[in-house]
Amino acid sequence: IAVVQTIRDSTDYKKAQTALEELSVTDELTGLHNRRFFNEHLHLEWSRGLRSNEPLALVLLDIDYFKQYNDKCLQSVARILQHSLLRSSDVATRYGGEEFCLLLPNTTIDGALEVSKRIRSAMERMEILHKTSRISDLVTMSDGVACLTPSPEGIPTELVALADEALYNAKAQGRNQSAVIES
């Protein structure tokens, strides 16, 4: 009688699986989390806010007059966003194209505005040239800031809609600024 035993080390498999999962939620160009991650994380933070009755803020940012600009600008902006977030619970994502999103759990509208100001200041210090902009020789951003305390009757996408409306208002008011919607 012969006995055959196979022992397989699953360490390499688990590492590869983890790397693949990370790639599926990471924007390849900027290294930020992608929209898929944002959507999942938004629902997670909404549920957490429901339990804790704490506010959830969202900042939706858009590079002004970006259409003729390049990938290097996106990478620079991504670095600014990553360095502007001070808490491990805050998340920066590439929302799509030249749009970025910051999800700020347990943050009031005032706190979200502080983050927005910090990003604006960092953008100014970087002095990224933007010759096709109609408002500045440098890259600027408009952002919409919104804050809600999650409720059982609400849905997470309400927060996104409010931030999007605020972003539209910032652009309509001349760009290179923040606009706020509180609910």
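Mentor: Let's begin where H2 meets H5: Phe-38, Leu-42, His-43 and Trp-46 in H2 contact Pro-156, Leu-159 and Val-160 in H5. Keep in mind that this is a predicted model.

Trainee: How many nonpolar, polar and charged residues are in that contact of H2 with H5?
Mentor: Six nonpolar, one polar and no charged residues.

Trainee: And at what angle do the axes of H2 and H5 cross?
Mentor: Roughly 115°, and the axes come within 9 Å. H2 covers residues 35–52 and H5 covers residues 156–172. The range from 65 to 115 degrees counts as roughly perpendicular, so H2 and H5 are roughly perpendicular to each other.

Trainee: Which residues of S4 point which way?
Mentor: Met-141, Asp-143, Val-145 and Cys-147 point one way, while Ser-142, Gly-144, Ala-146 and Leu-148 point the other way. Both sets are buried.

Trainee: Why the every-other pattern?
Mentor: Because side chains in a regular strand alternate between the two faces of the sheet.

Trainee: What does S4 pair with, then?
Mentor: One partner is S1, residues 56–63, which runs antiparallel to S4 and is joined to it by eight bridges. For a landmark there, Ala-57 has Cys-147 in S4 as its bridge partner. S4 also pairs with S5, residues 178–182, this time in the parallel sense over five bridges. On that side, look for Gly-144 opposite Ala-179 in S5.

Trainee: What about Cys-73 and Cys-101, buried or exposed?
Mentor: Buried means under 20% relative accessible area. Cys-73 is at 2%, so Cys-73 counts as buried. Cys-101 has 1%, so Cys-101 is buried as well.

Trainee: Last one, Glu-124. Where does Glu-124 lie?
Mentor: In helix H4, which spans residues 109–126.

Trainee: Buried or exposed?
Mentor: Exposed. The cut-off is over 50%, and Glu-124 has a relative accessibility of 54%, so Glu-124 makes the exposed class.

Key:
Residues are numbered from 1 along each chain as its sequence is written. This is a predicted model: local features need pLDDT of at least 70, side-chain atom pairs count only at pLDDT 80 or more; totals for chains, interfaces and linings use all residues. Side-chain values use heavy atoms; hydrogens and water are left out. Axes are lines fitted to C-alpha atoms, for helices over the stretch in contact, and angles run from 0 to 180 degrees between N-to-C directions. Helices (H or I, at least four residues) and strands (E, at least two) are DSSP runs, numbered from the N terminus. Angles under 35 degrees count as roughly parallel, over 145 as roughly antiparallel, 65 to 115 as roughly perpendicular and the rest as oblique. Contact means heavy atoms within 4.5 Å. Ala, Val, Leu, Ile, Met, Phe, Trp, Tyr, Cys and Pro count as nonpolar, Asp, Glu, Lys and Arg as charged, and the others, Gly among them, as polar. Buried means under 20% relative accessible area, exposed over 50%, partly exposed in between (1.4 Å probe, protein chains only). Two strands pair if DSSP finds at least two bridges between them.
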